[in-house]
Amino acid sequence: MTSPRKHLVKDFNHFITCYVCKGYLIKPTTVTECLHTFCKSCIIQHFEDSNNCPKCGIQVHETNPREMLRLDNTLEEIIFKLVPGLREKEQQQEIEFWRSRKWKENGEEDGPRSKRSRLDDDDDDDDDGGDGDYHRSDPQIAICLDCLRNSSLVGENIVKGLMKKFIRCSTRVTVGTIKKFLSLKLKLPSSYELDVLCNGEIMGKDHTMEFIYMTRWRLRGETAYPMVLEYRPRIDFG
């Protein structure tokens, strides 16, 4: 009786690699119109210049194809299990990315969490081996959540400004999570929907704070921080 054949990772490469960059899928994101999956950064960058799927050529959306993207967290976990060390490598690269890119333009060496990070590092140096450091290792960003007031909007009497509008969160947090946070803080009905905007542009629910800062937040220098996001009752244009 022959033993079952062992499968190698390369046997699954067709299913777990990105058509655009040819590497393993990182934050796999599926186009809901055709169900093709790409790295999140690859497909978002592609949609900056085209509204068509890069693999099959179908028009994803006439004006805003990013609205037709959905993260595939299950596939991400499968890839991380199939490829040893990939998760840790990507996390380290993301940290290095924030330390070396746009933040240097603002005179910050370590990104949006630089001051807090240095304080945490100092605490670690003074630690003689007690409890471990439970601070998050992913980059952090400070955000100002402003209520966009307009007396002509339906629901204006429900949506109010936050008493504490400044928050600090992971750069991986999505607009969808920010909406849930606002709904809880403002005690909105579960069926009530909000728009979140940056520089007057409505942000998709899957946009991360990292993506918005790098592509939509136009301010730089001393005025660039914190990033300001505005919220309002959702406007139905249909």
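What volume does the largest cavity have? The largest cavity has a volume of about 60 Å³. A cavity here is a set of points on a 1 Å grid over the protein atoms alone where a 1.4 Å probe fits but cannot get out, and lining residues have an atom within 4 Å of a point. Grid points are joined across faces, edges and corners, and a volume is the space filled by probe spheres set on the points.

The model is predicted, so local features need pLDDT of at least 70 and side-chain atom pairs count only at pLDDT 80 or more, while totals for chains, interfaces and linings use all residues. Residues are numbered from 1 along each chain as its sequence is written, and side-chain values use heavy atoms, with hydrogens and water left out.

Helices (H or I, at least four residues) and strands (E, at least two) are DSSP runs, numbered from the N terminus, and two strands pair if DSSP finds at least two bridges between them. Strand β1 (residues 28–31) is joined to β3 by three bridges, the two running antiparallel, and Val31 has Leu69 in β3 as its bridge partner.

A second open sheet has five strands in the order β5-β4-β8-β6-β7, with mixed pairing. Here β5 (166–170) and β7 (201–202) stand at the edges with a single partner strand each, so one side of each has no neighbour in the sheet. Five bridges link β4 (residues 140–147) to β5 in antiparallel fashion, and Ile143 stands opposite Ile167 in β5. Across β4, β5, β6 (194–198) and β8 (227–233) lies helix α6 (residues 175–186), which runs at about 125 degrees to β6. Contact means heavy atoms within 4.5 Å.

Next come the open spaces. A pocket is an open set of grid points with protein on both sides within 12 Å along at least five of seven lines. The largest pocket holds about 1100 Å³ of space. Its lining has 35 residues, with Lys27, Lys40, Ser41, Glu94 and Glu210 nearest the centre. Two or more lining residues come from each of α2 (40–46), α3 (73–82), α4 (86–100) and α7 (209–215), and α4 gives the most, with six. By class, this lining has 12 nonpolar, nine polar and 14 charged residues; Ala, Val, Leu, Ile, Met, Phe, Trp, Tyr, Cys and Pro count as nonpolar, Asp, Glu, Lys and Arg as charged, and the others, Gly among them, as polar. Domain 1 (9–82) and domain 2 (140–148 + 158–233) both give residues to the lining of the largest pocket, so it lies between them. The domain bounds come from an automatic or database domain assignment.

The second largest pocket holds about 560 Å³ and is lined by 26 residues, of which Lys179, Glu193, Leu194, Lys205 and Arg234 lie nearest its centre. The largest share of this lining, five residues, comes from α6. By class, the lining of the second largest pocket divides into 10 nonpolar, six polar and 10 charged residues.

Finally, the search of the whole structure finds two cavities of 30 Å³ or more. The largest cavity is lined by Thr29, Lys40, Ile44, Arg66, Leu69, Arg70, Leu71, Asp206 and His207. Its largest share of lining, three residues, is supplied by β3.

Note on methods:
Axes are lines fitted to C-alpha atoms, for helices over the stretch in contact, and angles run from 0 to 180 degrees between N-to-C directions.
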